[in-house]
Amino acid sequence: MAGMVFGLETPMMTALQHLLDIPDGEAGAAGGEKQGPTRAYVRDARAMAATPADVKELPGAFAFVVDMPGLGSVDIKVQVEDERVLVISGERRREEKEDAKFVRMERRMGKLMRKFVLPENADMEKISAACRDGVLTVTVEKLPPPEPKKPKTIQVQVA
């Protein structure tokens, strides 16, 4: 199994590899029984498990730092789904050269993806992304804190 060569023999990776080896038609039993996860779901789960990321909370923003080695800014997609889910994705493809034969391939190829549920105080209109040296930094500004409500003063009249 390829995962064992790279030191990825964790139970989760073993289960994901097993699911990838099952053709789509064999994922569940015949009839009305529930089918297992689809290939797309397993591929996305594998991509999320293999994409390292850091999340930092700064005084005025949230910063998501994601390793995206070998990808240019045109290969990276940053989207907001379902109003509050930040999705960062990209795909690193194998270099195909007719006259070259790989003796060893150790660099990771394939899909890179992470999903983050943004907090309520994230400003969905102020999201920026910058990629430098294979490290993507997505900054989501915070909404200003709500102004404290001033108590309403009611004048008491003498009856």
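Visitor: Why is valine 87 called buried?

Guide: Buried means under 20% relative accessible area, exposed over 50% and partly exposed in between, with a 1.4 Å probe and protein chains only. Valine 87 has a relative accessible area of 3%, so it counts as buried. This is a predicted model, in which local features need pLDDT of at least 70, side-chain atom pairs count only at pLDDT 80 or more, and totals for chains, interfaces and linings use all residues. Residues are numbered from 1 along each chain as its sequence is written, and side-chain values use heavy atoms, with hydrogens and water left out.

Visitor: Which residues is valine 87 in contact with, leaving aside its neighbours within four places in sequence?

Guide: Contact means heavy atoms within 4.5 Å. On that basis valine 87 touches Lys77, Val78, Gln79, Glu81, Arg114 and Lys115. Valine 87 belongs to strand E4 (residues 85-92); strands (E, at least two residues) and helices (H or I, at least four) are DSSP runs, numbered from the N terminus. From valine 87 to phenylalanine 116 the C-alpha distance is 6.6 Å, across 29 residues of sequence.

Visitor: What makes phenylalanine 64 and phenylalanine 116 a tilted pair?

Guide: Rings of Phe, Tyr and Trp (its six-membered ring) pair if their centres lie within 6.5 Å; planes under 30 degrees apart count as stacked, over 60 as edge-to-face and the rest as tilted. By this rule there is 1 aromatic pair. Its members are phenylalanine 64 and phenylalanine 116, with ring centres 4.8 Å apart and planes at 45°, so the pair is tilted. Phenylalanine 64 lies in strand E2 (residues 61-67) and phenylalanine 116 in strand E5 (residues 110-117), so the pair ties together parts 52 residues apart in sequence. Both phenylalanine 64 and phenylalanine 116 are buried.

Visitor: How do you know that lysine 142 lies over the face of phenylalanine 62?

Guide: A charge sits over a ring if NZ of Lys or CZ of Arg is within 6 Å of the ring centre and within 35 degrees of the ring normal. Lysine 142 is placed over the face of phenylalanine 62, at 5.0 Å from the ring centre.

Visitor: Why is one side of E1 and of E6 left without a neighbour in the sheet?

Guide: Two strands pair if DSSP finds at least two bridges between them. The open sheet has 4 strands in the order E1-E2-E7-E6, with antiparallel pairing. Strand E1 (53-57) and strand E6 (122-132) stand at the edges with a single partner strand each, so one side of each has no neighbour in the sheet.

Visitor: How many bridges join E6 and strand E7?

Guide: E6 and strand E7 (residues 135-142) pair over 7 bridges in the antiparallel sense. E2 and E7 also pair in the antiparallel sense over 7 bridges. Valine 138 in E7 is the bridge partner of phenylalanine 64, and alanine 129 stands opposite valine 138.

Visitor: Where in the chain is confidence lowest, and where highest?

Guide: pLDDT is the predictor's confidence in each residue, from 0 to 100. Confidence is lowest in helix H1 (residues 2-5), at a mean of 46, and highest in E7, at 94.
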